Amino acid sequence: MAQRSSKVLRKTDIKKRYSVPTGFLSSLPPFNGGHAVDFQAVDGSGRVWPFRCSIRKKGHPKPVISKGWRSFVHSKGLKVGDKVQFYKKENEAGANKHAYEIRAEKEIKIFGAVFGYAPII
């Protein structure tokens, strides 16, 4: 897997939309002059999630994923402090037809201190 976006979720990411790290924007499908692009990502269980990434029409692009995002958050039971990673897969012969993979990880706390993260399938 070539390109990756990893982020610890904040309140806005849980309640409204996922703010895509700008560095991952070039890994998404081309916007072709528009301000939104649809793509799909597969999770660890093989479920396909449809998403839409939008950017501002003027100024800093500030990419966000809104369509499909809240369903993913609800399904995985994500909370503030959990982590999500998007991967853009290498284009390999015989590769899965979905170019993107999404992984969610629960924050593990022991006595109030973050100990690490556990994968959510």
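Guide: Let's start with a salt bridge, the one between Asp-82 and Lys-106, whose closest N and O atoms are 3.2 Å apart. The term means that a side-chain nitrogen of Lys or Arg sits within 4 Å of a carboxyl oxygen of Asp or Glu. Asp-82 belongs to the loop between α2 and β6, while Lys-106 is in strand β7, so the pair ties together parts that are 24 residues apart in sequence. The element names come from DSSP runs, with helices (H or I) of at least four residues and strands (E) of at least two, numbered from the N terminus.

A quick word on what you're looking at: this is a predicted model, in which local features need pLDDT of at least 70 and side-chain atom pairs count only at pLDDT 80 or more, while totals for chains, interfaces and linings use all residues. Residues are numbered from 1 along each chain as its sequence is written, and side-chain values use heavy atoms, with hydrogens and water left out.

Back to our pair. Asp-82 has a relative accessible area of 3%, so Asp-82 is buried, whereas Lys-106, with 26%, is partly exposed. Here buried means under 20% relative accessible area, exposed means over 50%, and partly exposed is in between, using a 1.4 Å probe and protein chains only.

Leaving out residues up to four places away in sequence, Glu-105 touches Asp-82, Lys-83, Gln-85, Tyr-117, Ala-118, Pro-119 and Ile-120; a contact means heavy atoms within 4.5 Å. Now for a curious detail: Glu-105 is buried and yet has no salt bridge. The nearest side chain of opposite charge is that of Lys-83, 4.1 Å away. For charges, Lys and Arg count as positive and Asp and Glu as negative, with His and the chain ends not counted.

Arg-103 and Glu-101 meet through their side chains in a salt bridge of 2.9 Å, N to O. Arg-103 is partly exposed at 33% relative accessibility, and Glu-101 is buried, with a relative accessible area of 12%. A search of the whole structure finds five salt bridges. One of them joins Asp-13 and Lys-7, with the closest N and O atoms 2.9 Å apart. Asp-13 counts as buried at 2% relative accessibility, and Lys-7 counts as buried at 13%.

Now look at the strand that follows our loop. Strand β6 covers residues 83-88, and five of its six residues are buried, so β6 is largely enclosed by the rest of the structure. What does β6 pair with? Strand β1 (residues 3-8) pairs with β6 in the antiparallel sense over six bridges, and strand β7 (residues 100-110) also pairs with β6 in the antiparallel sense over six bridges. Two strands count as paired if DSSP finds at least two bridges between them.

As a general rule, nonpolar side chains in soluble globular proteins tend to be buried together.

Finally, the helix on the other side of our loop. In α2, Trp-69, Phe-72, Val-73 and Lys-76 are buried. Seen down the axis of α2, the buried residues fall within an arc of 100 degrees, so they line one face of the helix; the arc is taken from the directions from the helix axis to the C-beta atoms. An α-helix has 3.6 residues a turn, so residues three or four places apart point the same way. Just after α2, Gly-77 takes a positive phi of about 65 degrees.
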